Amino acid sequence: MSKIIAMAGKGGVGKTTVSALVARYFTHHQKDAFLAIDADPNSNLGETLGLKIEKTVGDIREDFMKDPQGVPSGMDKIVYIEMLMNQVLIEQEKFDLLVMGRQEGQGCYCMVNNILNRFAEELEGNYKYLLVDNEAGMEHLSRRTSGKVDMLLMVTDYALRGLRAVGRINDMLKDLKLDVKHKGLIVNRAPENLGKAFMDEVERIGIPIMCIVPDDQNLLEFDMEQRSLLDLEDDSPAVVAINQMMEKVKEIID
Ligand SMILES: Nc1ncnc2c1ncn2[C@@H]1O[C@H](COP(=O)(O)OP(=O)(O)OP(=O)(O)O)[C@@H](O)[C@H]1O
Ligand SMILES: [Mg+2]
């Protein structure tokens, strides 16, 4: 069964950046195939990985719902939707990317959602790791039928507000029926020393710090130049931190 690494955290704290750096770790340091899933409706994981996104799973769902009779004659509905899904999967040499896109609008989407979910689950079986960049609300994770997450990386910036959001997500997990095997806190854009008020709150929330990521000017530069974070240098401070973290994460989940 594939191992699932997922991100959680308040808006703008660095979930997509961390996801891209985890993807960079996988492409540079191990051979197993992995699937990156962009579960944020404002999808931008693809961009940070230097990929152009044309169609999302959400687009397929909408297209199908707009014209359910559009299935080519003689073709089974399920086969048709699966064919469309294959067009959405972006295949790269070292990994694949699936962009979920927007959530459904109004109407009964059960049938098409069931087919999409089944397809996604079959697809996921082909990879050793799944990397899920979530939206802040974690709707995607909570909808999965196999609600297992091997490592939930909860990202916060160096601010009590980000940290408290992590605390709330942590409380919410109990209601989500998610089977979260391990949790780790990532403090992003952190100074060298974490202050007492911050550390007190970390202790209160009770999630171990897995990684402290410094502010990394190269990330800003790459963002401005629209370059793939996969091409960051090995000695870029954020890369160094995430690579170290991933060695630990693999030891825990493998
Ligand atoms: N360690 C860092 N050093 C410098 N800049 C960073 C760092 N981490 C993230 N950033 C920058 O902060 C911005 C927000 O990061 P990112 O998009 O990863 O956050 P997010 O949690 O995915 O946001 P959203 O909730 O909108 O999806 C980006 O412009 C990114 O380049
Ligand atoms: Mg994001």
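## Elements around the largest pocket

In this predicted model, five elements each supply at least two residues of the lining of the largest pocket: α1 (15-29), α2 (45-48), β5 (129-134), β7 (179-190) and α9 (217-224). The most comes from α9, with four residues. Helices (H or I, at least four residues) and strands (E, at least two) are DSSP runs, numbered from the N terminus.

A pocket is an open set of points on a 1 Å grid over the protein atoms alone, where a 1.4 Å probe fits, with protein on both sides within 12 Å along at least five of seven lines; lining residues have an atom within 4 Å of a point.

## Size and lining of the largest pocket

The volume of the largest pocket is about 690 Å³, a volume being the space filled by probe spheres set on the points. Its lining has 28 residues, and T16, T17, T48, D223 and L229 lie nearest the centre.

By class, the lining holds seven nonpolar, twelve polar and nine charged residues. Nonpolar means Ala, Val, Leu, Ile, Met, Phe, Trp, Tyr, Cys and Pro; charged means Asp, Glu, Lys and Arg; the others, Gly among them, are polar.

## The second largest pocket

The second largest pocket holds about 370 Å³ of space. It is lined by 20 residues, of which R61, M100, N117, H140 and R143 are the closest to its centre. Two or more lining residues come from each of β2 (34-39), α3 (57-66), α5 (110-124) and α6 (139-143).

The element that gives the most to this lining is α5, with eight residues. The lining of the second largest pocket divides into eight nonpolar, six polar and six charged residues.

## Notes

Residues are numbered from 1 along each chain as its sequence is written, and chains are lettered from A and ligands numbered from 1 in the order in which they are written. Local features need pLDDT of at least 70, side-chain atom pairs count only at pLDDT 80 or more, and totals for chains, interfaces and linings use all residues, while side-chain values use heavy atoms, with hydrogens and water left out.
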